[in-house]
Amino acid sequence: MISPSILSADFTNIKDDFLAMDEGKADFVHVDIMDGNYVPNISFGPGIVKQFKKLTDIPFDVHLMIENPENYIEDFVKAGADIITIHPGATKHLNRTINLIKSYGVDVGLAINPGESLDVLDYTIEDLNLVLIMSVNPGFGGQSFIESSLRKIEETKKIINERNPRCKIEVDGGIKLDNAKEVLDAGADILVAGSAIFSKECPKDEIIKFKELMRI
């Protein structure tokens, strides 16, 4: 499955980029929310997400790179989030925040940064719909894929197979057509791609290329 990251989209041409995702049959729209605290950059809030939601019926995969995400869960659910992913270090009471997200009837994901271990999954994996393996450090687009992420994906797949086979693995950071196959082979189910799609002349064609690669 492919989840184009609209952080890399052309915001002066946003309707056409959403049309490209529709025509390319993207599986999700990946929406990065940054607050300038958990990560250095700032993106946008639930009001903008709500406007984006009017442009497509594709499910919204909302990645909260923000401190105290529990304070904003309801706002993003109302804005149209179908999946909400949080970082374990951004909330004081991780179990409570996971259950809060689930209480709204949306899927819940947990993001693991490159320098973080998978130990947090020991006590959370059964409650998750998604594990997001960050293959770059969060907060900036256009970074190169961190190769050690492949081993982390493989280890995550083993945990999921043993304890929650319905949980999906998403990978975000430095994903391109030339490395997507080895990421999928390592165990990924969903690929997030930003510049690899929206920096090209025809984003729709790039989405189709990713989807064709996933069928091989």
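1. I48 is found in helix α2, where helices (H or I, at least four residues) and strands (E, at least two) are DSSP runs, numbered from the N terminus. I48 is partly exposed, with a relative accessible area of 38%; on this scale buried means under 20% relative accessible area, exposed over 50%, and partly exposed in between, with a 1.4 Å probe and protein chains only. From I48 to C202 the separation is 154 residues in sequence and 24 Å in space, C-alpha to C-alpha. The model is a predicted one, in which local features need pLDDT of at least 70 and side-chain atom pairs count only at pLDDT 80 or more, while totals for chains, interfaces and linings use all residues. Residues are numbered from 1 along each chain as its sequence is written, and side-chain values use heavy atoms, with hydrogens and water left out.

2. Helix α2 also holds G47, which is partly exposed at a relative accessible area of 47%. G47 and E162 lie 115 residues apart in sequence, and their C-alpha atoms are 39 Å apart in space.

3. Because F11 lies in the loop between β1 (2-4) and α1 (14-23) and F52 in helix α2 (residues 46-53), the pair ties together parts that are 41 residues apart in sequence. F11 is partly exposed, with a relative accessible area of 40%, whereas F52 is buried, with a relative accessible area of 6%.

4. F52 also pairs with F18, again in a tilted arrangement, at 5.6 Å centre to centre and 40° between the planes. This pair links distant parts of the chain, with F18 in helix α1 and F52 in helix α2, 34 residues apart. F18 is buried, with a relative accessible area of 0%. Ring pairs link F11, F18, F44, F52 and F60 into a cluster.

5. Which residues of helix α4 (residues 94-103) are buried? They are L94, T97, I98 and I101, and because they cover an arc of only 100° around the axis, they are on the same side of α4; the arc is that of the directions from the helix axis to the C-beta atoms. The face of α4 turned away from its buried side carries the exposed residues R96 and S103.

6. Helix α8 (residues 203-214) has 12 residues and reaches 17 Å from its first C-alpha to its last, close to the 16 Å expected at 1.5 Å a residue, the expected span being 1.5 Å times one less than the number of residues. Its buried residues are P203, E206, I207, F210, K211 and L213, and these cover an arc of only 160° around the axis, which puts them on the same side of α8.

7. Two backbone angles deserve a look. K25 has a positive phi of about 60° although it is not a glycine; K25 lies in the loop between α1 and β2 (29-34) and is exposed, with a relative accessible area of 60%. N68, likewise a residue other than glycine, has a positive phi near 50°; N68 is placed in the loop between β3 (60-65) and α3 (73-79) and is partly exposed, with a relative accessible area of 31%. Most residues other than glycine have a negative phi.

8. The second largest pocket contains about 200 Å³ of space. A pocket is, on a 1 Å grid over the protein atoms alone, an open set of points where a 1.4 Å probe fits, with protein on both sides within 12 Å along at least five of seven lines, and lining residues have an atom within 4 Å of a point. Of the 15 residues that line this pocket, D107, L128, N129, L130 and R166 are the closest to its centre. The lining divides into seven nonpolar, two polar and six charged residues.

9. I160 has its place in helix α5 (residues 149-163) and is buried, with a relative accessible area of 1%. I160 and E116 are 44 residues apart in sequence and 18 Å apart in space, C-alpha to C-alpha.

Terms used:
Phe/Tyr/Trp six-rings, centres within 6.5 Å; stacked < 30°, edge-to-face > 60°. Points joined across faces, edges and corners; volume = space filled by probe spheres on them. Nonpolar A, V, L, I, M, F, W, Y, C, P; charged D, E, K, R; others polar.
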